[in-house]
Amino acid sequence: MRTLGHHHHHSHDTTGNIKVAFFLNFFFTIIELIGGILTNSIAIISDALHDLGDSLSLGLAWFLQKFSNKDHSKDFSFGYKRFSLLAALINSVVLIVGSIFILTEAIPRLWNPETPNTWGMMGLAILGIAVNGAAVFRLRGGESMNQKVMSWHMLEDVLGWVAVFIVGLVMTFFDLPILDPVASIGITLFILYNVIVNLIKTMRLFLEAVPDSVDLEKIRRDIQQLPEVRSTHHTHLWSLDGEHHAFSTHAVVASEATKEEVCHVKESIKSIVSPIHLDHMTIEIEYEDEFCSMAEEGAHG
């Protein structure tokens, strides 16, 4: 397990990265809105509205990520890390609603396309690639679900701007104004797909599903194969925010097990789960002749 000090340092890095990404995205959104109107590009206006949603999401993510770094209290004994997960959930919903709105604006343009200022489109696209690329650079490698959601979306924005640049370049030499709404719809559908995927992952964590990166069945087998362990039950692993996890298990030992053997079992179990980033761990040792009301879970947990 990592030290608590490293947890705080990593959490502050995450908060700082989201803060920088927020200001980069917010100021660029203002430029983008003005540029979209001046160039008469529905693709840029759509992306500007989408980036406005991103800015609100990043601001919320920054606030809740910072809030999630608070220590535990009498009301939240596990701490506030789950508030970071709440930000990822709200952000995903906001992005889905924004994407649907953009589609309602872009689809009618297919039947009545307007020719945009292609040179302005390409100029804004280059700026968009640079700004969103800088945000991706700050958010890359994040382990919390909150930072992953925002990092993915910033990367999708970079790809979107690459598409806008290509469309602007093609329309500079060919009279194909329909490419503008087509690009807008294509970018939005791509973003919508990935946001829904992230929403499903976030909902799984909210419902306390075992993290995808963890094989809980293997952990159970490894514990049961320990020489001193007769059986296990009530073995659970869940995530607080996609990055910080919690683990609990009941291990049954022989009635005559010594203190040294019990301590060895505990250390062995800790070694088995050591590759996992755990913030909380509960290992309960029971003797064979000891009654446990949770032992009925043996067949399942």
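Predicted model: local features only at pLDDT ≥ 70, side-chain atom pairs only at ≥ 80, totals over all residues.

Residues are numbered from 1 along each chain as its sequence is written, and side-chain values use heavy atoms, with hydrogens and water left out.

**Exercise 1.** State how many helices and strands the protein chain has, and give their order.

Solution. Helices (H or I, at least four residues) and strands (E, at least two) are DSSP runs, numbered from the N terminus. The protein chain has 8 helices and 3 strands. Read from the N terminus, their order is α-α-α-α-α-α-α-β-β-α-β.

**Exercise 2.** Determine how helix 3 and helix 6 are oriented to each other.

Solution. Axes are lines fitted to C-alpha atoms, for helices over the stretch in contact, and angles run from 0 to 180 degrees between N-to-C directions. The axes of helix 3 (residues 82-106) and helix 6 (residues 179-206) cross at roughly 155° and come within 9 Å. Angles over 145 degrees count as roughly antiparallel. Helix 3 and helix 6 are therefore roughly antiparallel.

**Exercise 3.** Is T29 buried or exposed, and which residues does T29 touch?

Solution. T29 lies in helix 1 (residues 4-39). Buried means under 20% relative accessible area, and exposed over 50% (1.4 Å probe, protein chains only). T29 has a relative accessible area of 2%, so T29 is buried. Leaving aside residues up to four places away in sequence, T29 touches A48, D51, L52 and S55, where contact means heavy atoms within 4.5 Å.

Notes: Parallel < 35°, antiparallel > 145°, perpendicular 65-115°, else oblique.
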